[in-house]
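Here are my notes on the model, in the order I would check them. Please read them with the coordinates open.

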Amino acid sequence: MTPKIARFLAERQPATPCLVVDTDRVAENFRALRRALPLAQIYYAVKANPAPAVLDRLVTLGSRFDAAGIEEVEACLAAGARPAAISFGNTIKKVSAIRRAHAAGVTMFAFDSIEELEKLARHAPGSQVYCRILVENEGADWPLSRKFGTTIETARDLMLRAGELGLDPFGLSFHVGSQQTSTAAYEAAIGRVAMLFTDLKDAGVNVRMVNLGGGFPTRYRDDVPDIDQFASAIMGAMTEHFGNALPEMVVEPGRFIVGDAGVVSSEVVLVCHRHKDDPVRWVYLDIGRFGGLAETEGEAIKYRITTPHDGGPTGPVAIAGPTCDGADILYEKSNYRLPLALAGGERVELLSTGAYVSTYASQCFNGFAPLEEHYI
Ligand SMILES: *Cc1c(COP(=O)(O)O)cnc(C)c1O
């Protein structure tokens, strides 16, 4: 937790549950990535946290933006981003969204099927397009595989077709999966894409950009490699495969930019035992799976939790949300332990909750209002 967030929580005691985001930390993360990968253009993946305060700050730092939908495109424009600095990166777009983005001046679009490519040719004629390749998501705590991306063979055909359709076959992209903890995942993906890139060049296609996607991890309960390790693995693989003819490089970080900039403050609603002789206490918080912590699905993302009793003796716990839904359990199998002194009515903090939390909060399920947000 940053000192600024700690002070805000201590002085303001905001109503819980709430998310507090330190936009200075957002800026530090952006700068750290830019320092680590100076040759890459950074397109912030807006879906990780689309709050205007985050977008405004990133615009002032010269970030570009990866938008998943037309509403995100428009949020970037409202924050002052130039249309040319926005990539419409979802490979599944409504025709109306393509038309609106094109009319607003957006010129870069992703695709991974012939059907989407034809939509782009028709409704965003002449645009720069890039094809998303399916790569292994091994090593990612929040994989994205299967739903997106196409094979090398199909990508080759589609990139040739893009030119015939009057589009600019600008580049190739991949995403190694979110919260990717293995630097080798990028090396393997770069190797695959580089072969296709060279092959396309030989076939006369004017391909000139490689989009490495996002996936850079935030530290949750377990340590992760730092950004410099990812950067050196990436640059090693890029120079190995492209030599001195490096293509334009793009990265699309979401989680890395905002994850550790946010803290959720929550009230403990109840601490109890479900069975008389069970050492496991059930700790119910006023935020759960439906209040924004969707990435605890399958206990995939393991947030660090701080309490007023840290340092004291602990015992095993299961941690759950406040709703009446049986799926509203955060952690039951991940060996969480919390202080024995923890009691109902006290506040706890879930650290590194700046990414993929605020937007996942449901609309009044069980009557609970969407998550309050404070940007400081
Ligand atoms: C979600 C997404 C990102 C951001 O991923 P992170 O793991 O948050 O860095 C980047 N690019 C695309 C296409 C995405 O769908």
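1. Domain bounds, as used here, come from an automatic or database domain assignment. The model is predicted. For this chain the assignment gives two ranges: domain 1 covers 50–253, and domain 2 covers 260–375.

2. How far apart are the centres of domain 1 and domain 2? Taken over C-alpha atoms, 34 Å separate them. Domain 1 puts twelve residues into the contact. Domain 2 puts in 17 residues.

3. Now the area. About 1300 Å² is buried between domain 1 and domain 2. Carbon and sulfur atoms account for 63% of that area. Which residues of domain 1 lose the most area to domain 2? They are Trp142, Tyr220 and Arg221. Together these three make up 57% of what the domain 1 side buries.

4. Next, the polar side of the interface. The count of salt bridges between domain 1 and domain 2 is zero. The rule does find four residue pairs in polar contact across this interface, with both residues of a pair at pLDDT 80 or more.

5. Which elements give two or more residues to the side of domain 1 that touches domain 2? One is the helix α3 (52–60). The others are the strands β7 (140–142) and β9 (178–180). By residue class, this side of domain 1 holds six nonpolar, three polar and three charged residues.

6. His175 uses a polar side-chain atom, 2.9 Å from an oxygen atom of the ligand. Gly254 uses a polar backbone atom, also at 2.9 Å from a ligand oxygen atom. For Arg255, a polar backbone atom lies 2.8 Å from an oxygen atom of the ligand.

7. Is the peptide bond from Thr16 to Pro17 cis or trans? The bond is cis, with omega near -5 degrees. Gln13 lies in the loop between α1 and β1 as well. Its phi is near 40 degrees, a positive value in a residue other than glycine.

Notes. Residues are numbered from 1 along each chain as its sequence is written. This is a predicted model: local features need pLDDT of at least 70, side-chain atom pairs count only at pLDDT 80 or more; totals for chains, interfaces and linings use all residues. Side-chain values use heavy atoms; hydrogens and water are left out. Contact means heavy atoms within 4.5 Å. Buried area is the accessible area (1.4 Å probe) that two parts lose on being put together, summed over both. A salt bridge is a side-chain nitrogen of Lys or Arg within 4 Å of a carboxyl oxygen of Asp or Glu. A polar contact is a pair of N or O atoms within 3.5 Å; within protein, one must be able to donate a hydrogen and the other to accept it, and residues adjacent in sequence count only if both atoms are side-chain atoms. Helices (H or I, at least four residues) and strands (E, at least two) are DSSP runs, numbered from the N terminus. Ala, Val, Leu, Ile, Met, Phe, Trp, Tyr, Cys and Pro count as nonpolar, Asp, Glu, Lys and Arg as charged, and the others, Gly among them, as polar.
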